[in-house]
Amino acid sequence: MNRRQFFGYAAIGLGVGMGGSAIFKPFSGLFSGEIEAPAVPEQFSKDFQPDVEIALKAVSTEVQIFPGKPTQVFSYRAEVLKGETEVVQDLKDTYLGPIFRLRKGQKVRVRFTNEINQESIVHWHGLHVPEQADGHPRYAIGKGETYVYEFEVKDRAGTYWFHPHPHGRTGTQVYGGLAGLFLISDPEEQQVDLPQGELDIPIVIQDRTFDQNNQ
């Protein structure tokens with residue numbers, strides 16, 4: 001492994017956790033034949049009662065960034081299946097997002113469906129979640145497959161984010177547009193009288209290079 005590869009893998013930033021339940025496709029990546037993926041239930045836990053349930057999809061689409069040909073991108077789409085609709089904030093005029101807004105202590109179930117032509121999985125960057133809900137590359141799923149996450153929001157108020165985490169394709173898929181903010185609030189934050197509503201403005205700064213065809 002050279003220096004560039006080392007820092008590339010280090011930048012992935014895996015979370016830490018224990019336990020959990022999920023739907024997954026058996027791992028068949030780089031380490032196939034060397035290790036076996038742990039046994040995971042084929043459906044979500046009947047004992048887990050979520051406060052919030054979200055359907056999340058990774059899709060291929062196009063956006064008009066420059067005059068002329070639209071730019072091909074990846075993008076997340078989300079829908080609230082259970083709970084307050086304000087949990088998901090869609091963003092207009094951008095391929096990024098959506099924003100998830102949750103409170104510490106809420107129990108969350110996310111049904112992630114992959115609709116792009118690459119294996120993918122979602123990592124909740126910075127969150128303390130069960131191991132099987134952390135988006136390890138060995139749980140990556142193919143097009144048309146679904147992975148179910150279940151976890152309790154245990155982190156303090158802050159700005160976190162979610163992104164794909166398949167082996168060897170994380171950078172490509174994030175660069176292509178798969179990224180969204182995961183904002184957590186808690187009683188401690190509410191006591192310090194920070195700006196809220198229209199005055200609470202999340203900012204994401206990105207760098208992109210385009211060719212002559214706007215791709």
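Start by selecting N214: with a relative accessibility of 10%, N214 counts as buried (buried is under 20% relative accessible area, exposed over 50%, partly exposed in between, with a 1.4 Å probe and protein chains only). N214 sits in the segment after α3, and its phi is near 65°, a positive value in a residue other than glycine. Helices (H or I, at least four residues) and strands (E, at least two) are DSSP runs, numbered from the N terminus.

A word on what you are looking at: this is a predicted model, in which local features need pLDDT of at least 70, side-chain atom pairs count only at pLDDT 80 or more, and totals for chains, interfaces and linings use all residues. Residues are numbered from 1 along each chain as its sequence is written, and side-chain values use heavy atoms, with hydrogens and water left out.

Now select D193, also in the segment after α3 (187-190). D193 is not a glycine, yet its phi is positive, about 55°. Is D193 buried or exposed? D193 is exposed, with a relative accessible area of 68%.

Next, pick G97 and P98 and look at the bond between them. A cis peptide bond joins the two, with omega at about 0°. P98 belongs to the loop between β3 (88-89) and β4 (99-103).

Stay in that loop and select Y95, which is found there as well. Y95 is buried, at 14% relative accessibility. Which residues does Y95 touch, leaving aside its neighbours within four places in sequence? Y95 is in contact with V63, I65, V73, F74, S75, G177, Q206 and R208, where contact means heavy atoms within 4.5 Å. Draw a C-alpha to C-alpha distance from Y95 to V63: the two are 32 residues apart in sequence and 7.0 Å apart in space.

For a surface stop, show I65, F66 and F210. They form a nonpolar patch with about 220 Å² of accessible area together. Patches are made of residues with over 30% relative accessible area and no salt bridge, joining like charges within 9 Å and nonpolar side chains (Val, Leu, Ile, Met, Phe, Trp, Tyr) within 5 Å. A salt bridge is a side-chain nitrogen of Lys or Arg within 4 Å of a carboxyl oxygen of Asp or Glu, and accessible areas come from the Shrake-Rupley method with a 1.4 Å probe, where for residues only the protein chains shown count as cover. F66 itself lies in the loop between β1 (52-63) and β2 (71-82) and is partly exposed at 33%.

Switch to cartoon view for the strands. An open sheet of 5 strands runs in the order β3-β4-β9-β8-β6, with mixed pairing. β3 and β6 stand at the edges with a single partner strand each, so one side of each has no neighbour in the sheet. Two strands pair if DSSP finds at least two bridges between them. Inside this sheet, β8 (residues 158-164) and β9 (residues 180-185) pair in the antiparallel sense over 5 bridges, and G158 stands opposite I184 in β9.

Then move to β5 (residues 107-114) and β7, an antiparallel pair with 7 bridges. R111 has V148 in β7 as its bridge partner. 5 of the 7 residues of β7 (residues 146-152) are buried, so β7 is largely enclosed by the rest of the structure.

Finally, colour by pLDDT, the predictor's confidence in each residue, from 0 to 100. The protein chain averages 84, and 80% of the residues score at least 70. Confidence is highest in β6 (residues 122-125), at a mean of 98, and lowest in α1 (residues 3-10), at 42. Over residues 2-42, pLDDT stays under 50. Where pLDDT is low, the predicted coordinates should not be read in detail.
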